[in-house]
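Take a moment with the sequence and the 3D view before reading on.

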Amino acid sequence: MKHFVAFLLMLHLIISNVFGVDATLKIEKDVEQRARVALVDGSTVPNDKFFDILQSDLKVSGHYLADATHHQDDFASNALSPELRTKEYVIKYTFSSENGAKLFVRVLKGSEGTEVFKKNYALPAAEKAPFLAHKAISDINNAMGYPDISWINRYILFSRYTTAAHSEILLADYTLNYQKVIIRGGLNLFPKWADENQRSFYYTSYAGLTPTLYKLDIYSGSRQKIVSSEGMLVCSDVSKSGDRLLLTMAPNGQADIYEYNVGSGSKTRITTFNGIDVNGKYVDDENSMVFVSNRLGYANIFKQSLHSQAVMQVVYHGRNNNACDANGNQIVYSSRESSNTFGKNTFNLYLTSSSGSDTRPLTTTGTNQFPRFSPDGSVVMYIKHSGGGSSLGYINLESHQSLLFPIRGSKVQSIDW
Amino acid sequence: MQKLMISAVAASLLALTGCSQTAPDMAGKNNVSDANQFGDTVSIDENKYGNEAGAGSRFNSSSDGFQSIYFGFGDYGISGGMESRINSNAGVANNAGGSQVKIEGNCDEFGTDEYNYALGLKRAKAVKDAIAAQGVNTDKMVIVSFGESNPVCHEPTDECYERNRRVDLRLAR
């Protein structure tokens with residue numbers, strides 16, 4: 001018996017050493033690169049929810065190891081407790097939501113208690129307070145010289161079903177703590193930002209006889225009809241300059257991808273396959289696109305130059321890859337990895353390049369769909385479905401940090417940021 | 001070592017003795033001594049395999065005298081069982097005077113993103129082509145895909161999913 005136990009122990013040690021080395025080293029390396037920080041709330045009425053938002057911002061950046069304790073202490077004092085002196089930085093703040101949202105922030109060096117950053121923030125709309133937290137943390141991050149995380153300041157745009165043939169389109173912050181219905185009434189789908197500054201977006205309205213693409217200015221409320229098509233109509237991607245769109249249209253009952261010139265209103269048919277071609281996304285300096293097609297008998301990811309008919313298969317993995325997004329030459333796609341006709345299926349996300357090389361999984365369990373890159377390509381947003389409901393997930397591609405925020409209410413139809 | 005060898009021989013003898021017993025002939029020539037044969041057996045619902053018409057053919061969510069066309073999972077071909085409905089719909093369309101016929105493609109909840117809308121579109125197009133083949137003017141018909149957005153049934157059952165994989169027809173107003 002003793003020999004058997006000794007054998008098991010030796011086997012465990014061998015396995016741990018042979019297979020555990022890389023993971024351990026990787027974690028240590030990541031930990032060394034992150035700054036240890038603590039948040040100290042000096043508000044008259046401390047707010048746990050606001051503290052959680054600040055914590056999320058620090059975590060999703062991938063640049064900090066944030067203390068989970070909601071410390072509370074005097075905002076103006078530079079004196080730090082022995083515990084806080086062990087941190088590299090201490091972020092002191094006061095937050096109030098009376099007469100608008102106000103946030104005062106100071107950053108002290110943990111070892112010396114000296115102030116290295118100070119800034120005040122205010123918004124007239126108290127419900128937009130999450131954006132104050134995001135702005136403060138992204139400013140602190142920049143001041144410390146870490147890679148930019150300003151994507152946390154952006155609006156999320158998503159549509160969700162309410163009842164049969166009815167939906168609404170909402171604006172939200174990335175944590176979903178701020179949400180506002182911006183279009184309600186009827187069936188309105190596939191919202192897509194029209195410009196980098198997030199002043200207007202495209203969406204498909206089903207109010208008329210055929211689907212119609214509109215552009216809505218979120219500040220003035222002005223709405224402009226862009227184009228209408230029998231069958232289906234989706235704005236899948238917008239060029240960086242905003243003057244070209246990739247649309248899935250079906251003017252002859254056939255779903256194909258068209259490039260639409262916003263200035264002239266002209267459109268060019270890119271795909272001509274007699275099956276399903278959808279989900280066009282610009283890649284390779286917007287000279288090509290990747291898209292989803294069933295031309296091999298199942299949904300998969302392909303690439304085509306915008307100036308020729310030559311089509312290249314990008315993904316050689318999986319038998320049902322029915323959604324993708326692109327940023328520069330990076331591609332993220334969802335792959336169905338179980339074959340239950342009904343009920344739960346495993347969908348995982350994979351990262352690859354427009355040439356199909358360097359493929360790696362981003363998720364390994366659950367139902368993970370609707371992948372979307374952040375504008376800078378550093379983070380992938382997605383929807384995760386589980387038994388308890390749906391969540392909005394984020395994966396930082398460099399730090400491998402991930403976060404999930406629960407989505408309350410109805411099923412998400414489409415999402416953009 | 002010697003003990004081990006004796007044990008092995010004894011075990012082999014016991015096993016051989018067991019095999020030499022005559023099995024009761026309960027199923028003709030089949031040897032029923034295999035315990036696996038009496039393990040748990042399945043119980044299937046024949047309906048889950050569908051039939052030519054499909055379980056959904058008992059239902060109709062079209063209007064103005066039209067009848068809905070139902071489809072298999074991930075499929076956009078019209079089954080033989082739906083042909084009588086196609087013929088009936090062609091007759092209704094031809095008697096519709098100057099009104100346009102709206103053909104709406106729908107899917108179950110298992111697809112996502114644009115691809116599911118394209119699948120609904122293929123179904124609507126298949127119905128349009130089938131009706132056109134019966135002599136209905138294509139200019140009278142307009143197709144629209146609703147993807148998974150317009151379910152008529154919300155229960156998590158196979159029959160319910162099948163009712164949602166459909167094409168509805170109605171007069172455009």
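This is a predicted model: local features need pLDDT of at least 70, side-chain atom pairs count only at pLDDT 80 or more; totals for chains, interfaces and linings use all residues.

| Chain | Helices and strands | Buried residues | Mean pLDDT |
|---|---|---|---|
| A | four helices, 30 strands | 42% of 417 residues | 90 |
| B | four helices, four strands | 36% of 173 residues | 76 |

Take the contacts in chain B with a separation of 6 or more: 71% of them come from residues 24 or more positions apart. In chain A, 40% of the contacts between residues at least 6 apart in sequence join residues at least 24 apart.

**Where to be careful**

pLDDT is the predictor's own confidence, and in chain A 90% of the residues reach 70 or more.

In chain B, 66% of the residues reach a pLDDT of 70 or more. Over residues 8-39 of chain B the value stays under 50, and the model gives this stretch six contacts beyond four places in sequence. Residues 44-53 of chain B are also below 50, and here the model has 11 contacts beyond near neighbours in sequence.

**A sheet in chain A**

Let's zoom in on one open sheet of four strands in chain A, which has the order β9-β8-β7-β30 and antiparallel pairing. Which strands sit at its edges? They are β9 (179-183) and β30 (412-416) of chain A, and each of these pairs on one side only. On average, neighbouring strands in this sheet are turned by 25° against each other, direction ignored.

Look at where β7 (residues 156-161) of chain A meets β30(A): the two run antiparallel and four bridges join them.

A:Asp73 lies in the loop between β3 (71-72) and α3 (82-85) of chain A. Why does A:Asp73 count as partly exposed? The reason is a simple count: A:Asp73 has 14 other C-beta atoms within 10 Å, whereas a buried residue needs 20 or more and an exposed one has 12 or fewer.

Setting aside its neighbours within four places in sequence, A:Asp73 is in contact with A:Val40 and A:Gly42. For a sense of distance, A:Glu127 is 54 residues away from A:Asp73 along the chain, and their C-alpha atoms are separated by 25 Å.

**Where the chains touch**

How many residues does each chain bring to the contact? Chain A brings 29 residues and chain B brings 24 residues. On the chain A side, the elements that give two or more residues are β14 (233-238), β18 (277-283) and β26 (367-373). Sorted by kind, the residues on this side of chain A are 17 nonpolar, 11 polar and one charged.

Methods: Residues are numbered from 1 along each chain as its sequence is written. Chains are lettered from A and ligands numbered from 1 in the order in which they are written. Two strands pair if DSSP finds at least two bridges between them. Axes are lines fitted to C-alpha atoms, for helices over the stretch in contact, and angles run from 0 to 180 degrees between N-to-C directions. Two residues are in contact if their C-beta atoms, placed from the backbone, lie within 7 Å. Ala, Val, Leu, Ile, Met, Phe, Trp, Tyr, Cys and Pro count as nonpolar, Asp, Glu, Lys and Arg as charged, and the others, Gly among them, as polar. pLDDT is the predictor's confidence in each residue, from 0 to 100.
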